[in-house]
Amino acid sequence: VVTADFPLKNPCLQTCANTDITAEILQKCVDRCAKNAGSCCGNRLDGDEWTSSNYLSCANGCEIAYYRSTVSQCKADCYVGNKANCMYKHPNIAKTFGKCYHCSCGEETKSYECNRGCDEAANLPEYYQYVEPEEAVCDQDDVPRFLFAGQSNMEGWSGEALEGSFRSIIRIINRNAPKQKITRKLISHLNQIEGSSEQTSINESRMLLFIRKYLKKNKMFSDHPTSTCSYTIPGAKKLDCERPVSATACGGHYEGYGPELMFGHVFPRKDSCLKGKPISIAKVAVGGTELYKNWMKENKDENLNYWDALVDVIRGGKGSVEGFVWFQGENDSFHAWNRENYLDHLTQFIADVRQEIYDNTPFKYGTFKMRFNSPADVPVVICELGHWIAQKDTTVIEAQRAFVENDPKALLVPTGAGPEESKKMSKFYHYDAASQLIIGNRVAKAMAFLLNQ
């Protein structure tokens, strides 16, 4: 990750110019691939497939076709993609194609399959409607936004501990069965996840069932109708555009989710001044980062510092940022100087972020800020480091707790680091699909509480 393209001249957070392909639309073409071309590689957007072998699959060709206007453009992309090594990044598709493993059916993809997907897509009306986005003035939706930032657990690697876990969890929770039977099935599934134990599986199953009303299958497997998100990766030439919140919309490699998924579903239903309103989550996250080196304003001119990216997202919101969520600290826990100074660094960093949000909030009546009387009024939610790092060192966790204890407009969201066995969650370093749902719900609850103040 580099920072050469930040700060931007005119940053703007706005709706994506084209609607992303859905799993349902892709499946129509994938079915044609199976029937007419004998291709067994499945739909990567619903969790059935995440890679092909050596060459792009027929299903990959279908997906590329959605983001092009002609068959010839699609086939040209297939040629480039087939020449690539393990990963192929299409210029119009957020999620990278993987090619270094086998399809789940066990068969290797053929060199012509991607082209065949381009041809099959031409028989379906939803494809080849793509319009290349043009550089224009900032045409922005007037919605409240929340800045989410941090390292890998803010990026969101929900499927890393067990691929396909999210869909399994949602299906189990939505079964028409007695609660005890659902609980047993849920615990059995959670026990299969890397980093789980019998106790953490019991805990997570209880916590998930407590928020069951937010986990309806028809909602969680679909794009959210009013909540959107963007995921700006420092080094890009512009801010990411805003797309409907979903389980893959704004997570790591656009393959999973972080706290933004449940926040987008839960926050609009919580009692606050923004209840029932459309919202957007603007995420800036880079894995493996340290607070002082990579994020603090005083080091903004140093290599691999992302302060300017944060500022661009804040300014790109054009005064719409309502609060800040920070999820970071694992890498600081490995170095003595970072650990010992984390509280001071966090205090200064949050003050600088608040000041930037305040400075970019429009004036009202020429005297008071529209939402904040001072920078200290900007609500901040800190996601506590979890079970994995707590086993190694708790210095950063203690600093996080000390910060919120002394800040009336900040709250700490627990993620399983405390001593109570009944509250521990996954000890996998990137959490798991269940714990990210639980954390996202807690972030939504905490932010609503702060706004009510």
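Guide: S39 counts as buried because its relative accessibility is 5%, under the 20% limit used for that word; this, like everything that follows, is read from a predicted model. The residue sits in the loop between helix 1, which covers residues 23-37, and helix 2. Its side chain and that of E113 are joined by a polar contact of 2.9 Å. When neighbours within four places in sequence are set aside, S39 is in contact with C33, A34 and C58 as well as with E113.

Leaving out residues up to four places away in sequence, Y67 touches D20, I21, H90, N92, I93 and Y130. Although Y67 and Y127 are 60 residues apart along the chain, their C-alpha atoms are separated by 7.8 Å.

Elsewhere, the largest nonpolar core has 57 residues, and F263 and F267 are those with the most contacts inside it. Helix 17, residues 433-452, supplies the largest share of this core, with 12 residues. Beyond its neighbours within four places in sequence, F263 is in contact with F146, F148, P268, I279 and I281, and also with G440, V443, A444 and M447. A second, separate core has 41 residues, including W326, Y342, I389 and A417.

Technical notes
Residues numbered from 1 in each chain as written. Predicted model: local features only at pLDDT ≥ 70, side-chain atom pairs only at ≥ 80, totals over all residues. Heavy atoms only, no water. Core = buried A, V, L, I, M, F, W, Y, C linked by side-chain atoms within 4.5 Å. Buried < 20%, exposed > 50% of the residue type's maximum accessible area, 1.4 Å probe, protein only. Helix = DSSP H or I, 4+ residues; strand = E, 2+ residues; numbered from the N terminus. Contact = heavy atoms within 4.5 Å. Polar contact = N/O pair within 3.5 Å; in protein donor to acceptor, adjacent residues only side chain to side chain.
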